[in-house]
Amino acid sequence: MTSETRENAGTAGTAGTARTAGDAGAAGPAAASGGDERATPPTLLDLSTYLLSRTGKAARGRLAERLAGRGLRLWDMAVLAALADFGPHAQRDLVRRLGVDASDMAKVADHLASAGYVERIRDTADRRRVSVSITGAGRATLAELDAQARAVQDEVLAPLTPEERRTLHELLRRVHGGLPGAP
């Protein structure tokens, strides 16, 4: 049995089907003993959360690679997107909105400011408060990064039809909305 056949067999089963370590099923002893070392265990293929994690990791890795070519990271894109979508923020509010550590946010803001993508201004009434806003160069860069992210998305979702992509997006938005702390 090929790894493709095994993967299809794993996804064709009903969700929640219990498997045991010794269950070779129709695959026979070769599959149970390891067969193709690259084949994903059918037990994992039956877990939507596993599939989401693996797909997300692959997509994130591809995008991170493209961003690294520009000297940027995923958090840089996230900060630019938040500022473009929601307007200027106090730096500590960006920490809460994006769920990033405060010291990491300071490094991201420093990096983006030194590249001219954001502007940081200290509050005259409270010197501890730093307001961050996106610059024109930051908006232009975000547009380019968004195009890169959409290209990665097209690569990852290539096996799906446009209708399937819309359905997947709608379902993922619903799942995301149900996560603790999601707006």
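This short talk describes the fold, the sheet and the nonpolar core of a single chain.

Good morning. The structure above is a predicted model, and I shall begin with its confidence. The mean pLDDT of the chain is 85, and 80% of the residues reach 70 or more. The stretch to treat separately is residues 1-26, where the pLDDT is below 50. In the model, this stretch has 21 contacts beyond near neighbours in sequence.

Next, the overall architecture. The chain contains 9 helices and 3 strands, and their order along the sequence is α-α-α-α-α-β-α-α-β-β-α-α. Of its 183 residues, 22% count as buried. The accessible surface comes to about 12100 Å², and carbon and sulfur atoms hold 54% of that area.

The 3 strands form an open sheet in the order β1-β3-β2, with antiparallel pairing. Both β1 (89-90) and β2 (118-122) are edge strands with a single partner strand each, so one side of each has no neighbour in the sheet. Between β1 and β3 there are 2 bridges; H89 has V132 of β3 as its bridge partner.

Which residues touch the most other members of the largest nonpolar core? They are M77, V79, L80, L83, L94 and L112, within a core of 22 residues. At least two residues of this core come from each of α4 (48-68), α5 (74-86), α6 (91-98), α7 (102-114), β3 (130-134) and α8 (136-156). The largest share, 5 residues, is supplied by α5. As a general point, nonpolar side chains in soluble globular proteins tend to be buried together.

The buried residues of α5 are D76, M77, V79, L80, A82 and L83. This helix has 13 residues and spans 18 Å from its first C-alpha to its last, close to the 18 Å expected at 1.5 Å a residue. Just after α5, G87 adopts a positive phi of about 85°.

Finally, what does L80 touch, leaving aside residues up to four places away in sequence? Its contacts are L112, Y117, V118, I134, G138, T141, L142 and L145. L80 is also buried in α5. Thank you.

Note on methods: Residues are numbered from 1 along each chain as its sequence is written. Side-chain values use heavy atoms; hydrogens and water are left out. A nonpolar core is a set of buried Ala, Val, Leu, Ile, Met, Phe, Trp, Tyr and Cys residues joined through side-chain atoms within 4.5 Å. Buried means under 20% relative accessible area, exposed over 50%, partly exposed in between (1.4 Å probe, protein chains only). Helices (H or I, at least four residues) and strands (E, at least two) are DSSP runs, numbered from the N terminus. Contact means heavy atoms within 4.5 Å. Accessible areas come from the Shrake-Rupley method with a 1.4 Å probe; for residues, only the protein chains shown count as cover. Two strands pair if DSSP finds at least two bridges between them. pLDDT is the predictor's confidence in each residue, from 0 to 100. The expected span of a helix is 1.5 Å times one less than its number of residues.
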